[in-house]
Amino acid sequence: MKNTINLTAICLLLMGAWACTAPTKQSAPTSLVVSEGFNNPLGFYDATPTFSWQLPVSGNVQHQSAHHIVVASSPEKLPDNADIWDSKKQSTQASTWVPYGGKALQSRQKVYWQVRFWDENDKASAWSDTNHFELGLLDNEDWKAQWVGLDTAKDSIRGRSNVLIHKPQYLRKTFSVAGQVAQARLYITAKGVFDVHLNGNDVSDDVMPPGWTPYNKRIETLTYDVTDLIASGKNAIGVELASGWHSGRLLWGKTEWDNSLSPKVLCQLEIRLRDGSTMMVLSDESWKGVTKGPIAFSEIYDGEVYDANKEMPNWSGPFFEDADWDTVEVAPLDSHIALEPKRHTTVKTKLTLTPKEVAINENSTVFDLGQNMVGVPRVKVPMKKGDTLVMRFAEMLGADGSFHTKNYRSAHSTNYYVAAEDGPVDYTPKFTFYGFRYVQLSGYDQEAAPIKDWVTGLVQYSDFEDNGTFTSSHDKLNQLQSNIVWGLRGNFFDIPTDCPQRDERLGWTGDAQVFGPTSVFNAHVHKFWASWLQSVRESQWEDGGIPWTVPDTRGNYTASSGWGDVVTIIPWKIYMRTGDTNLLEANYEMMKEWVRHHGIKSKDHISHMMSFSDWLQPYPENGDNRGDTSLNLIGTAFYARSAQLTAKTAKVLGKLEEAAKYNALYKTVAAAFDNAFFDEAGTLKEGPETQTSYLLALAFDLLPQEKRKNAQMRLLQKIKDADNHLRTGFLGTPLLSKVLDDMGETDLMYQLLFNETYPSWFYSINQGATTIWERWNSYSKEAGFNPKSMNSLNHYAYGAIGEWLYERIAGIAPLEAGYKRIKIAPLPNASYLNSASARVETPYGKASSGWTLTEKEFTLETEIPPNTIAVVHMPNATVGEIRVNDQTLKDNPKIKQLSGPGEDTLVLEVPPGSHTFSRAIR
């Protein structure tokens, strides 16, 4: 016994000693995603995905030196028995956009993956949690179902502009399941928009799926896990179907798809039973439908009519009697129209707003939600049987409190609810959306006293999360940031739209190209832009031209400079913020074709392309919405810019000969631009001198060095002539901050930003704006609403200034694509601010920059994610003055000085981690 005890004690001592000295693993990687940021997606579109992850902030990890990815057909096989792909240990710092290199993946396939890394000391991490993705139906051949629906065109209901209006349809099918369900997937899409139910249950909370693509080229499909909604025995599937964008009343009326075609649904339910057998429920001739349901009318611009007297209880349940329902029409799949899984997230209800104020009038009540928003209201109001509740919407009220809807133009934007009985009703519109702050209700029970709880604003936009924040010590600057974010939310409704309220709501390319960079900072919209750019590629014409709007609702084959250039500007800008070369690869041919179109529309490299020019420039001399800057100058400038970005893209993709070709073209067009429009001193030769003419020349580097100084002086003079106010429209405004910044005129840019009078960003805020406006003077408290017919109060273009807020005021920007090297270079200005900060979720993790300025000290706090390096610019500082983490610079050996002695700004190379820099005020 004594020997046994001693042996045990010795073993315990040895085990304890081993435990104390055994190497511990680094914490596991986090934030695993595939392709453009998808986390465990169902119905995924990408059979050749990329993998990305972030290194843990804990554990003092600085950099990755290697990684190891494993992919398997079941989680039990990970990490040691990966049967689909084992990357083995790869010596690389790459932790983003790592390409899949395993077996070819197929439709419906579900795979599981893990990753681990080695740090800068070759210390391995623990394996990550197991993530997964399941592919949707990737090819038309995967579909056994057919298009089904009713012939709603025969009703010949005509709306505004004599456009055919299709009545909403209710479609259903019963089926039996002989056994216990192990797994069920519903694959579905529509020529129109739908809401689908199984056995009376909602399948999803998606809003107006499948969304809007060029329907003559591609229709997106959705996959739902409906395992828990199907029972053994009798079941039923029901689909509500409306026109949406497919057959709806779109501005201009002409589309590349036929408005007279009745909406149809395509549905394929695949069930695997526990005994291993499988079955399919398909949309086919066995389905039935009616148009006599409660949604009697539904249209994007005009609203919805809901008659509760026509409700059909349990209509999507298995025991509903449908003997008097009609047999559906059936149509085969279109071989020339691709059915592909949706490649970004659907629209959902993301936020809710409650009224801030209620104004009760004689026969109506107005509810003020306090914020211009996009979505629908949920109303809970008392009604009398047979009465009609009328819901109207407005972005602002007149000075006298009147309900203003003139800027909605022909969009009726009204909801009607017919009550079937006395008592409270609970109603939310389904197949329409509105841009509004105010909701006016009439037709409710007049004996009831209106209260705030009657209305809730359901804020709807594509299902992305916030990506960055900006805040400062100035209330109006913070309100501007809020307006930018709400403009983004309101106009990212499946596609990037121009306005959400009037009879338009189209994917204007010019608005998109100026706002894109700001949007990527504020929200996780990488997949959103990648998806829309696919639509742009599908919409490009044979001569390389790009429509004004995508999807194309006009079809006139006339492109606009500055608008069509979205195809070079947005891919490059998103690449710089994500590091995703796949985005460049996917759009490179489109970029080249667009440059070719520029050439077709030019003579001797001078553009003669149609242009919306510097749209909505304030105080135009010619009185035109297009402003005073020469359209040929604008077209030539963008020709050069697109050639330059195409050259840069070719270089990133390793296409060096093509890079040289397009760079030479850029230089040739720039020389032609200089020769045609500027004299030997660098002054505009002819036509009105405008701020934008000089901004384009300077921002796009189109003048030789000897002329730049004078061009800069002319720009400053034009600004001075405008009493130090901007005179720029959609194309000039995004360039203003960069050019002045490059000139060292940051005090002037601060003044322009903080101007309170028209035209300025704060002017709209002083008039009560809660979103960005289409015009600098869409409304004033003194003069009321701008009388122009185009007067959206939610139009994000001028929100492009957001890029300067976070990249320069707060001071956080990518030095290398994807923030692999981060520039921290704040611009404090005591005349306007005493603090500002920004945070952005980079592909490598959270990065932040925040500064405070007092009479005695300037302090800069930064957070640098692992696997990156930051270059920090400390303004007005020298080595001897600065303290880092409350120590001298010499006490921080990992921080390297990059600037030379005697320079005003101290430039430092800073490793990952949290760092505080400070200096005394001189």
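Mentor: A strand is a DSSP run of E with at least two residues, and strands are numbered from the N terminus. The model is predicted. Take Pro-79, which sits in the loop between strand S4 (64-72) and strand S5 (85-86).

Trainee: What makes the peptide bond between Leu-78 and Pro-79 cis?

Mentor: Its omega, which is about 0 degrees. Most peptide bonds are trans.

Trainee: Which other bond is called cis, and what is its omega?

Mentor: The bond joining Val-550 and Pro-551, with omega about -5 degrees. Pro-551 lies in the loop between helix H4 (526-539) and helix H5 (566-578).

Trainee: What makes phi of Ser-35 worth a note?

Mentor: Phi is near 50 degrees, a positive value, and Ser-35 is not a glycine. Most residues other than glycine have a negative phi. Ser-35 is in the loop between strand S1 (30-34) and strand S2 (42-44). Asn-40 is in the loop between S1 and S2 as well. Asn-40 also has a positive phi, about 50 degrees, without being a glycine.

Trainee: How do you know whether Ser-35 is buried or exposed?

Mentor: Set the value against the cut-off. Buried means under 20% relative accessible area. Ser-35 has 4%, so it counts as buried.

Trainee: What makes Lys-342 and Asp-494 a salt bridge?

Mentor: The rule asks for a Lys or Arg side-chain nitrogen within 4 Å of a carboxyl oxygen of Asp or Glu. Here the N to O distance is 2.8 Å, so the pair qualifies. The partners come from distant parts of the chain, 152 residues apart. Lys-342 is in the loop between strand S25 (338-341) and strand S26 (347-353). Asp-494 is in the loop between strand S35 (492-493) and strand S36 (495-496).

Trainee: Why do both partners count as buried?

Mentor: The cut-off is under 20%. Lys-342 has a relative accessible area of 6%, and Asp-494 has 5%. Both are therefore buried.

Trainee: What does the Arg-409 and Glu-504 salt bridge tie together?

Mentor: The two side chains meet at 3.0 Å, N to O. Arg-409 is in the loop between strand S29 (388-394) and strand S30 (414-418), and Glu-504 is in the loop between S36 and helix H3 (509-522), so the pair ties parts that are 95 residues apart in sequence. Arg-409 is partly exposed at 27%, whereas Glu-504 is buried at 5%.

Trainee: How do you know that Asp-466 and Arg-489 make a salt bridge?

Mentor: Their distance is 3.7 Å, N to O, and the limit is within 4 Å, so the pair counts. Asp-466 is in the loop between strand S33 (455-462) and strand S34 (468-472), and Arg-489 is in helix H2 (residues 475-491), 23 residues apart in sequence. Asp-466 has 44% accessibility and is partly exposed. Arg-489 has 12% and is buried.

Trainee: How many salt bridges does the rule give?

Mentor: The count comes to 47.

Trainee: Why are H7 and H8 called roughly antiparallel?

Mentor: H7 and helix H8 (residues 656-677) pack at about 160 degrees, with axes 8 Å apart. Angles over 145 degrees count as roughly antiparallel, so H7 and H8 do. Their crossing is left-handed.

Trainee: Which residues make the contact?

Mentor: Among them are Leu-633, Ala-640 and Lys-651 of H7, and Glu-658, Tyr-662 and Phe-673 of H8. By class, the contact has 16 nonpolar, five polar and two charged residues.

Conventions. Residues are numbered from 1 along each chain as its sequence is written. This is a predicted model: local features need pLDDT of at least 70, side-chain atom pairs count only at pLDDT 80 or more; totals for chains, interfaces and linings use all residues. Side-chain values use heavy atoms; hydrogens and water are left out. Helices (H or I, at least four residues) and strands (E, at least two) are DSSP runs, numbered from the N terminus. Buried means under 20% relative accessible area, exposed over 50%, partly exposed in between (1.4 Å probe, protein chains only). Axes are lines fitted to C-alpha atoms, for helices over the stretch in contact, and angles run from 0 to 180 degrees between N-to-C directions. Angles under 35 degrees count as roughly parallel, over 145 as roughly antiparallel, 65 to 115 as roughly perpendicular and the rest as oblique. A crossing is left-handed if the near helix is turned anticlockwise from the far one by less than a right angle, and right-handed if clockwise. Contact means heavy atoms within 4.5 Å. Ala, Val, Leu, Ile, Met, Phe, Trp, Tyr, Cys and Pro count as nonpolar, Asp, Glu, Lys and Arg as charged, and the others, Gly among them, as polar.
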